[in-house]
Amino acid sequence: MERFTKRAMDETTIAKANLSSNEVEQCLSLTTYFDALGIPAPGTIEEKLQHGLKDGLVVRQDDGLFAITTVGALLFAKDLNDFPSVSRKAIRIAVYDGITRQKIAQTRDYPSGYALACTRAFDFLDGALPHAEPVGSNGVRHMVEAFPTRIVRELLVNALIHQDLSLRGMGVICEVFDNRIEISNPGTLLIDKNRIIDMMPRSRNERLSTLFRRMRLCEELGLGWDLVVQLSEQYQLPVPEITQYPDSTRVTIYSHVDFFALTKAQKLWSCYSHSTKMLLEGKSATNASFRERFGLDKKSASTVSRLFAEAVKAELIKPKEEAVGSRAKSYVPFWA
């Protein structure tokens, strides 16, 4: 069975070989390539392919013909179905009616390369994502994002960049429920989950990630999860959860959940993430800063103190200084 099977494939593997220059242009959207990178397109196909050779999208064979690489197909294929080795890597979005998978409201598959598919997927998600509509203090209704689009876009692109290409038959899928979004990609994390916020990322696919950044489809190197945590706190949302499976990783983005309705694991993850974010800003997490993060009043100070104590016991955080009262203590991540 092909699914979940590891093969010797990476971003430099040949996806289609023995092509003339015109056949390369028939398979790849070179117009998208130059537009996405903001480069004026040369006048001849030979000049265009010189750029493609430099970026590793194509290679020249000994006989003078060309071969399209996996990264070239993934990013700029007019139709990924023309490339059997990566045809299952197309972006897929499923929107469900409710909070289970029992009823599918709509699905979208994007068989073109990611440079074009991402823009189309983002546009679809902007219209498909549920929105909250609270009544403001002046009685005027205003639309508020239940799922901030910057978080969704960042994590979807992150899944595309860091997927394990050696796992054939698996691709990136984004599933939208009324109360959450689940983004799954083939491959496991290359660094410890608890260090994903502060450590420089490691990528399996350097060319893919470099081209994504050059196309301005993702944040600068190292800002991905920093930005996700920052935006989650700004919108007073739970920090997205990371679940690892033997051959895949799933990130779950939640809409607003009352703090007291969060699970213990969610509270501890938010506590750890908050302490890491504060440290990266040159500060320390405190009872007051965490209450502000979730919009809690002073009545919740004892609850937050107990949570910090549990996080210390779980070895996720540690007090910066021991000789102070529990509510006045400041905390840093366990590794600081």
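Start at Thr 286, which stands opposite Ser 330 in strand E16. Strands here are DSSP runs of E, at least two residues long, and helices are runs of H or I, at least four long, both numbered from the N terminus. This is a predicted model: local features need pLDDT of at least 70, side-chain atom pairs count only at pLDDT 80 or more, and totals for chains, interfaces and linings use all residues. Residues are numbered from 1 along each chain as its sequence is written, and side-chain values use heavy atoms, with hydrogens and water left out.

**Stop 1: around E16**

Select residues 285–286 and 330–333. These are strands E14 and E16, paired in the antiparallel sense over two bridges. Pairing requires at least two bridges found by DSSP between the strands. Pick Pro 319: its bridge partner in E16 is Tyr 331.

**Stop 2: the E2-E4-E3 sheet**

Move to the open sheet of three strands, ordered E2-E4-E3 with antiparallel pairing. E2 (14–19) and E3 (58–60) are the edge strands, each pairing on one side only. On average, neighbouring strands of this sheet are turned by 20 degrees against each other, direction ignored. Angles run from 0 to 180 degrees between N-to-C directions, with axes as lines fitted to C-alpha atoms, for helices over the stretch in contact.

Select E4, residues 66–69. E4 pairs with E2 in the antiparallel sense over three bridges. Show Lys 16 and find Ile 68 of E4 opposite. While side chains are on display, recall that in a regular strand they alternate between the two faces of the sheet.

Next, colour residues 45–54. This is helix H3, which lies across E3 and E4 and runs at about 105 degrees to E3. Contact means heavy atoms within 4.5 Å.

**Stop 3: Thr 252**

Jump to residues 248–254, strand E13, and pick Thr 252. Is Thr 252 buried or exposed? Thr 252 counts as buried, at 5% relative accessibility. Buried means under 20% relative accessible area, exposed over 50%, and partly exposed in between (1.4 Å probe, protein chains only). Leaving aside residues up to four places away in sequence, Thr 252 touches Arg 180, Ile 181, Glu 182, Pro 240 and Glu 241.

**Stop 4**

Finish with Cys 27 and Cys 271. Cys 27 is buried at a relative accessible area of 10%. Cys 271 is buried at 0%. How many disulfides does a search of the whole structure find? The search finds zero, where a disulfide is a pair of cysteine sulfur atoms within 2.5 Å.
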